[in-house]
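Here is a quick tour for someone meeting this model for the first time. Have a look at it, and then we'll walk through a few of its spots.

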Amino acid sequence: MTPPTVAVVGGGISGLVAAYRLRRSLGAATRIVVLERSSRLGGKLRTVPLAGDPVDVGAEAFIARRPEVVALVEELGLSAHIVHPSAARPLLYADARLHPLPAGTLMGIPASAQAVEGLVDDETLARIAAEPTVPFHWDRDSDVSVADLVRSRFGEQVVQRSVDPLLGGVYSGLSDTAGVRATVPTLAAALDAGATSLSDAVARALPPKSDAPVFGTLREGYGVLIQALVREADAEFLYGTAASGLKRSGGRWSVDPLGEVDGVVLAVPAPDAARLLSDSVRSAAQCAAQIPLASSVVVALALPHDAGLPQNSGILVATGEELSAKAFTLSSRKWPHLAERPVALARASFGRFGDDALVDASEADLIAVARADLATVTGVDAEPVAAFVQRWHGGLPQYREHHGEIVAAFEAEIAGIDGLEVAGAMLHGVGVPACVATGTAAAARLTARMEG
């Protein structure tokens, strides 16, 4: 009997986890082929040398309070590589000034006026304080954008100065393109449970205080994890190979240009999933087509060690400021292991959904803008020792209003198709733990079907 063949379309973290899990569950005899359209693996995880040492220029951390990455790293024997941030606090640049990032907020949405005192004007503070007394209606059967909800209760300054910077850092979008249910699910749950105001809902949804680290990363960068997954998956990797077609062929699947296979895991961005499914599962393709992408750029700077970066972990930028950057990560302040290096490391991020004009600017221009904005915000204008520009075209899906309903409909259509599974950031979260979870789940479902 010929051993089965499985195609994993997409060599990002979701696809690599799926390939690794399939190898463990289906055994050494199964042929696993990973098709990756680019010349490298890892997707939005990328580690590059900068000033002689590895630096992440995509995702740089994972939520340590979620179990998926920690468990995977432990399984791969990499636990010793996990490190956590320093105690340095982030700042927020708003109204052309630096402010402490507000505490007591949920994705920037305050539970009280006190949380954003000094960040917004007195009129806005009074509005927040009075919000619990203003009649409030929440439709449990619908969804709204985060901007519409917050603006209607707290006003525009809270949206631009507190909520947009947080959401922009996570989704490369703004609160007007972020649905409450998909991007702040604990807030939606509190509202569904009968919260009497937005202030009440935020207070209910705030996580309990904990001394456990919120974030983690790997000492030598995510490249260590990617290398381990590639090794343990023991798959065939076809670089520079985009899947150009996907069709059901009898009891098997035909993947162009690979040929016939027994199972497929699609781990690609939503537009690519829509294209590949358009012939075989049109209804699912129509769902995927409703999930747009945002593009962004990361400029990593290695500065002289004595450049004088603030003693803060990073700086988020409010919308409406006269800057091009949306955020800065002061990497040498945020991560103790990077502080040990002979240079000071910082990252500038550019690009939001609907505002990605800088994505295709020249590297020289992007580095110049990053330096100018960093100088405006911090006063640091030292000449970089080295720099690296990473463009992320279509880097992050946008979780707009009703995203959960779109994904539920999409997954319902896929669930009825034998031998086909989907994973990735388009589904249940853009963070690394969520992508690991979808890759693991897709592999488990496909294994059950192939062995059933």
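## Pockets and cavities

The lining of the second largest pocket is made up of eight nonpolar, four polar and five charged residues. Here Ala, Val, Leu, Ile, Met, Phe, Trp, Tyr, Cys and Pro count as nonpolar, Asp, Glu, Lys and Arg as charged, and the others, Gly among them, as polar. Before going on, a word on the source: this is a predicted model, where local features need pLDDT of at least 70 and side-chain atom pairs count only at pLDDT 80 or more, while totals for chains, interfaces and linings use all residues. Residues are numbered from 1 along each chain as its sequence is written, and side-chain values use heavy atoms, with hydrogens and water left out.

That second largest pocket holds about 200 Å³ of space. It has 17 lining residues, and Leu-323, Ser-324, Ala-325, Arg-352 and Asp-355 are the closest to its centre. On a 1 Å grid over the protein atoms alone, a pocket is an open set of points with protein on both sides within 12 Å along at least five of seven lines, a cavity is a set where a 1.4 Å probe fits but cannot get out, and lining residues have an atom within 4 Å of a point. Grid points are joined across faces, edges and corners, and a volume is the space filled by probe spheres set on the points.

How many cavities of 30 Å³ or more does the structure hold? There are two, and the table sets them out.

| Cavity | Volume | Lining by class |
|---|---|---|
| Largest | about 160 Å³ | eight nonpolar, four polar, six charged |

Of the 18 residues lining the largest cavity, Val-55, Asp-56, Trp-335, His-337 and Leu-338 sit closest to its centre. The elements giving two or more residues to that lining are β4 (53-56), β11 (215-218), α13 (336-339) and β20 (343-350). Helices (H or I, at least four residues) and strands (E, at least two) are DSSP runs, numbered from the N terminus. Among the residues that line the second largest cavity are Leu-167, Tyr-171, Gln-398 and Tyr-399.

The axes of α4 (residues 146-154) and α5 (residues 156-171) come within 8 Å and cross at roughly 145 degrees; axes are lines fitted to C-alpha atoms, for helices over the stretch in contact, and angles run from 0 to 180 degrees between N-to-C directions. By class, that gives eight nonpolar, no polar and two charged residues.

## A three-stranded sheet

Next comes an open, antiparallel sheet with its three strands in the order β13-β14-β15. Strands pair if DSSP finds at least two bridges between them. β14 (residues 252-256) and β15 have three bridges, and Ser-254 stands opposite Glu-260 in β15.

Lys-247 belongs to β13.

Most residues other than glycine have a negative phi, and most peptide bonds are trans. Yet the bond from Asp-256 to Pro-257 is cis, with omega near 5 degrees, and Pro-257 lies in the loop between β14 and β15. Asp-95, not a glycine, has a positive phi of about 55 degrees.
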